[in-house]
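Reader: Please take one part of this model and look at it closely. I would like to know what surrounds it and how its neighbours pack.

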Amino acid sequence: MVELSVDLGFLKLKNPVIAASGTFGYGLEFRPFYDLNLLGGFVVKGLYFNPREGNNPPRLVETSSGLINSIGLQGIGVEAFCRDVLPELTNLRVAIIVNVCGQDEDEYARVAEYLSQPKGIAALELNISCPNVREEGRCPAQNPESTYRIIEKVKKVSSLPVITKLSPNVTDITEVALAAEQAGSQALSLINTLLAMAVDLETRKPRLGNVLGGLSGPAIKPVALRMVFQVCRLVKIPVIGIGGIFTAEDAMEFMMAGASAVQVGTANFVDPDACPKIIKGIESWAEKHNIKKISEIIGCLEV
Ligand SMILES: Cc1cc2nc3c(=O)[nH]c(=O)nc-3n(C[C@H](O)[C@H](O)[C@H](O)COP(=O)(O)O)c2cc1C
């Protein structure tokens, strides 16, 4: 038997696999496929204070090894989430993480404050890194100062643990990671999608209504892994690795590079059972390598 649990300090997960925001609905959508209690946790779709329609279609394009999306953070808003969805989730024995969005710095705090009242939320993940909502893919995570300010504001109004989700669309991700740590973020999750586009030769138009979108899936794994490695070398808070994780082996690479847990995104669209399969695969890999506790491999990479 392998001990699969990992400890983020503020949150113990029964295994290191978390379903990523925007690829797992509000959790309920995946109930027909498997028992959600199998997961380490899941992150619900990003929420603003009010409901939001998102960007104009087309909003998804497949590429040779990934997906470009420009959903634009469509969502039901925090009130509907707390009223209609959260009560359906709270009897689960799994970490429920809510992805928090904001048009401006104050909205992040407003959403976080609202989400701090009901019971059942394990942590907030601050989505300061979506490339589909502001012009030219800009987002607060491209700037250490705005990253710091948003976390500071959220921490003033909420006692829930804060995970800050970083953007790969920067020159040096470690600057932003350090700012987030200094502001009091309890963990980091990285990466969000890479700014991308696709062209339709027949219409001579961009293939996304929003022109630009965010690339996810296998294509981004090496970039994500490099960034997770760079950040883990510098910060003391736990890091959750995200980007192109489709198999148990992918997940183990991120953990060896220093990630305490991983999130699985696009893989959920290809195979709704991706997360339980990855969890099983991690267990088999550990058994085969005579590893008793999966946490032993975190950061074991020899450089
Ligand atoms: C369709 C789609 C919607 C997404 N929506 C969100 C979101 O609401 N909030 C967020 O923080 N990340 C969102 N993401 C980013 C993912 O959570 C993840 O960071 C990214 O896709 C990279 O992981 P992957 O390669 O495993 O998909 C979305 C990704 C996709 C593909």
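Author: The buried residues of helix H4 are covered by elements including H3, strand S9 (162-165), strand S10 (187-190) and H5. Helices (H or I, at least four residues) and strands (E, at least two) are DSSP runs, numbered from the N terminus. The model is predicted: local features need pLDDT of at least 70, side-chain atom pairs count only at pLDDT 80 or more, and totals for chains, interfaces and linings use all residues. Residue numbers start from 1 along each chain as its sequence is written.

Take H4 itself. Its buried residues are Ile173, Val176, Ala177, Ala179, Ala180 and Glu181. A residue is buried if 20 or more other C-beta atoms lie within 10 Å of its own, exposed if 12 or fewer, and partly exposed in between, with C-beta atoms placed from the backbone. Just after H4 comes glycine 184, with a positive phi of about 105°.

Now the H3 side. The axes of H3 and helix H4 (residues 173-182) cross at roughly 25° and come within 8 Å. Axes are lines fitted to C-alpha atoms, for helices over the stretch in contact, and angles run from 0 to 180 degrees between N-to-C directions. H3 and H4 are therefore roughly parallel to each other. Angles under 35 degrees count as roughly parallel, over 145 as roughly antiparallel, 65 to 115 as roughly perpendicular and the rest as oblique. The crossing of H3 past H4 is right-handed. A crossing is right-handed if the near helix is turned clockwise from the far one by less than a right angle, and left-handed if anticlockwise. From H3, Pro144, Thr147, Tyr148 and Ile151 meet Glu175, Val176, Ala179, Ala180 and Gln182 of H4. Contact here means C-beta atoms, placed from the backbone, within 7 Å.

H3 also packs against H2. Helix H2 (residues 105-115) and helix H3 (residues 144-157) have axes 8 Å apart, at an angle of about 30°. H2 and H3 are therefore roughly parallel to each other. Their crossing is right-handed. In H2, Glu105, Tyr108, Ala109, Ala112 and Glu113 take part; in H3, their partners are Ser146, Arg149, Ile150, Lys153, Val154 and Val157.

The peptide bond from leucine 190 to isoleucine 191 is cis, with omega near 15°. Isoleucine 191 is in the loop between S10 and strand S11 (194-196). Glutamate 136 has a positive phi of about 55° and is not a glycine. It lies in the loop between strand S8 (123-127) and H3. Glutamate 136 is exposed, with 9 other C-beta atoms within 10 Å.

Last, the whole chain. The protein chain has 8 helices and 16 strands. Buried residues make up 51% of its 303 residues. Among contacts between residues at least 6 apart in sequence, 72% join residues at least 24 apart.

Key
Contact = placed C-beta atoms within 7 Å.
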